[in-house]
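Reader: Take me through this structure feature by feature. Give me the rule each time, then the case.

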Amino acid sequence: TITIAATGASNTPQTIPVTLTVNAPGSAAISRDPASLSPSCVQGANASSQTFQVSNSGGGTLSYTISDDAGWLACNVTSGTSTGAHNTVTVTYSTSTMTPGAYSGTITIAATGATNSPQTIPVSLTVNAAPASITRTPSSLSASCTQGTNATSQSFQISNSGGGTLSYTISDSATWLSCSPT
């Protein structure tokens, strides 16, 4: 109560009743950004790390846990708290032994008491076939002959040291040189 008094006033004192209501803080709510991840890599390599952020878009304190359902991905943080700050989580990928194709995983963020728990981040991984790569043996040829005679024929091998199928053609750059097959 607030009291207002004035000497000589006919209506003194005056009071103003004051009430204070303390409300419980609003419930926490999980916010994550981005809402999905789409890494890709070439067969034999790990996909590049990516990040996402977790924050509390509600009231109070958000205490959360992070889990995933795929052996080829890992989060560097498995739990945390937020009162609104954005916490960065790094996702690493162990994809170097995976065959080409599309793979799916899910990161789950759960928080007891949050109004929207759990929240998920779908992860769509693409492993691309390694490109073909030309290997030739030997890497150079050297020939000599006496004027008026042909140099001795030589051979070389072509192989694919990459992935997939190598389709190739062979050509030469001099009139005195020929290759077979082409």
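Reader: Is S142 buried or exposed?

Author: Cut-offs come before the case. Buried means under 20% relative accessible area, exposed means over 50%, and partly exposed lies in between, with a 1.4 Å probe and protein chains only. S142 has a relative accessible area of 66%, so S142 is exposed. The model is predicted: local features need pLDDT of at least 70, side-chain atom pairs count only at pLDDT 80 or more, and totals for chains, interfaces and linings use all residues. Residues are numbered from 1 along each chain as its sequence is written, and side-chain values use heavy atoms, with hydrogens and water left out.

Reader: Where does S142 lie?

Author: Strands (E, at least two residues) are DSSP runs, numbered from the N terminus. S142 lies in the loop between β12 (134-137) and β13 (157-160). The C-alpha atoms of S142 and T175 are separated by 16 Å. Along the chain, S142 and T175 are 33 residues apart.

Reader: How should I read A110?

Author: Apply the accessibility cut-offs again. A110 has a relative accessible area of 26%, so A110 is partly exposed. A110 lies in strand β10. P13 is 97 residues from A110 along the chain, and their C-alpha atoms are separated by 57 Å.

Reader: Which strand is joined to β10 by 9 bridges?

Author: Strands of a sheet pair through backbone hydrogen bonds, either parallel or antiparallel. The criterion for a pair is at least two bridges found by DSSP between the two strands. Strand β10 (residues 101-110) is joined by 9 bridges to strand β11 (residues 119-128), and the two run antiparallel. In β11, Q119 stands opposite I109.

Reader: What is the strand order in the open sheet of 5 strands?

Author: The order is β4-β11-β10-β6-β8, and the pairing is mixed. Strands β4 (40-42) and β8 (79-82) are the edges, each pairing on one side only. Neighbouring strands are turned by 25° against each other on average, direction ignored. For that angle, axes are lines fitted to C-alpha atoms, and angles run from 0 to 180 degrees between N-to-C directions.

Reader: And what is the order in the open sheet of 4 strands?

Author: This sheet runs β3-β5-β9-β7, with antiparallel pairing. At the edges stand β3 (30-33) and β7 (73-75); each has a single partner strand, so one side of each is left without a neighbour in the sheet. Here, neighbouring strands are turned by 25° against each other on average, direction ignored. Strand β7 pairs with strand β9 (residues 87-93) over 3 bridges, in the antiparallel sense.

Reader: How many disulfides does the count give?

Author: A disulfide is a covalent bond between the sulfur atoms of two cysteines. Here the test is a pair of cysteine sulfur atoms within 2.5 Å. The count comes to 0 disulfides.
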